Amino acid sequence: MIPKVELHCHLEGSISPALARELAARNGLDLPRGLFGPDGHYVWQDFLSFLAAYDRVCTVLRTPRDFGDVIYSYLAGVAAEGAIYVEMFCSPERPAALGISYAAWVEALAEGIDRAQREFGIVGRIIIICIRHLGPERALAMAEGMVIEPHPYIVGFGMGGDEAKFTPADFAPAYRLAHDQGYGCTVHAGEVLGPESVWASIEALPVTRIGHGVRSADDAALMAELARRGTVLEVCPGSNVALGLYPDRVSHPLHRLIAAGVAVTLNSDDPPFFHTTLGNEYDKAGLGDAALRHIARTAVEASFADEATKRALLKEIGS
Ligand code: ADE
Ligand code: ZN
């Protein structure tokens, strides 16, 4: 099995329908109305209704332990597919709304990460993510909270949410703070909007990675610029096809990006929502073993892990 590395997966987006049911039962909650379809899968129709379904899943989370169990459960499952390192996007907005302190939330996540490492050898790290449609002030507050209470497992800062709201430059203060304090930075762009959103992100924000960024394939000059800068794309083909950006995997620009010299990684984004897994993304990429190992190595090098961790992971992947 090829060792796999994941840089783009959302904590709450990793909750399987079975785990959502378990957490709801444990917390004495009714399942959110309209969350599941008759086939037992999450129901949504387009990008915005996906974001709404994502918010609905979050309502089954109540305690710090719930968050710890979610990250443990994800790491356990993906380790069985050969993953050796995962960076999870974790939003402090959810625990804050529940009245859970940042420290208690981080401690629960770290406990889940430690448990998964003890049992499966997988290394997990956290990227604090702000939610774009909640605006730049909230984003700055998230970045400030992160730098005030550092934790060795919190290695980066990012942003998801509705790409059509605000501009990347609006979030420059939050990103500047995170970057100046030594956190690696990434941002969702070029997923829902076109190449202009990626241009605006690399020009305004200190990012070394772009979440998705696949719409860069519509602009040869942008692909050349990403290749020149060594900006790494966190590509999630199954997510892109499920959300209707491309009709199928054959039309997906993964191979065109690679051919243009853009550094890419493979990721699952919100796997149960998009009926995928990290292993499935590697299997369906249409690439041979050597190319997949190269992608895993690219992901390690682009990760926000410390140098010793990177060296150990690269050794595990081999050449
Ligand atoms: N939050 C969770 N998944 C996301 C995605 N694919 N794009 C933007 N925000 C997200
Ligand atoms: Zn994402």
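Q: Is histidine 188 buried or exposed?
A: The general idea is to compare relative accessibility with a cut-off: under 20% is buried. In this predicted model, histidine 188 has 8% relative accessibility, so histidine 188 counts as buried. Histidine 8, at 0%, therefore counts as buried too.

Q: Which protein donors hold the zinc ion (ligand 2)?
A: Look for N, O and S atoms within 2.8 Å of the metal. Here they are His8 (NE2), His10 (NE2), His188 (NE2) and Asp269 (OD), at 2.1 to 2.2 Å from the zinc ion. Along the sequence, their spacing reads H-x1-H-x177-H-x80-D. Distant parts of the chain are linked here: histidine 8 sits in strand 1 (residues 4-10) and histidine 188 in strand 5 (residues 184-189), 180 residues apart.

Q: Why is the arrangement around the zinc ion (ligand 2) irregular?
A: Start from the ideal: four tetrahedral donors have angles of 109.5 degrees. Around this zinc ion the four donor atoms subtend 87 to 171°, so the arrangement is irregular.

Q: Which residues of helix 6 are buried?
A: Pro136, Ala139, Met142, Ala143 and Met146 are the buried ones. Their arc around the axis is only 120°, so they lie on the same side of helix 6. Glu137 and Ile148 are exposed on the other side.

Q: What do the buried residues of helix 6 pack against?
A: Their partners are helix 4 (93-97), helix 5 (102-120), strand 3 (123-131), strand 4 (154-160) and helix 7 (172-180).

Terms used: Residues are numbered from 1 along each chain as its sequence is written. Chains are lettered from A and ligands numbered from 1 in the order in which they are written. This is a predicted model: local features need pLDDT of at least 70, side-chain atom pairs count only at pLDDT 80 or more; totals for chains, interfaces and linings use all residues. Side-chain values use heavy atoms; hydrogens and water are left out. Buried means under 20% relative accessible area, exposed over 50%, partly exposed in between (1.4 Å probe, protein chains only). Helices (H or I, at least four residues) and strands (E, at least two) are DSSP runs, numbered from the N terminus. The arc is that of the directions from the helix axis to the C-beta atoms. Contact means heavy atoms within 4.5 Å. Donors are N, O and S atoms within 2.8 Å of the metal (3.2 Å for Na, K and Ca); water is not among the atoms, so sites may look incomplete. Four donors count as tetrahedral if all angles lie between 85 and 135 degrees; four count as square planar and six as octahedral if opposite donors are over 155 degrees apart and all others between 65 and 115; anything else is irregular.
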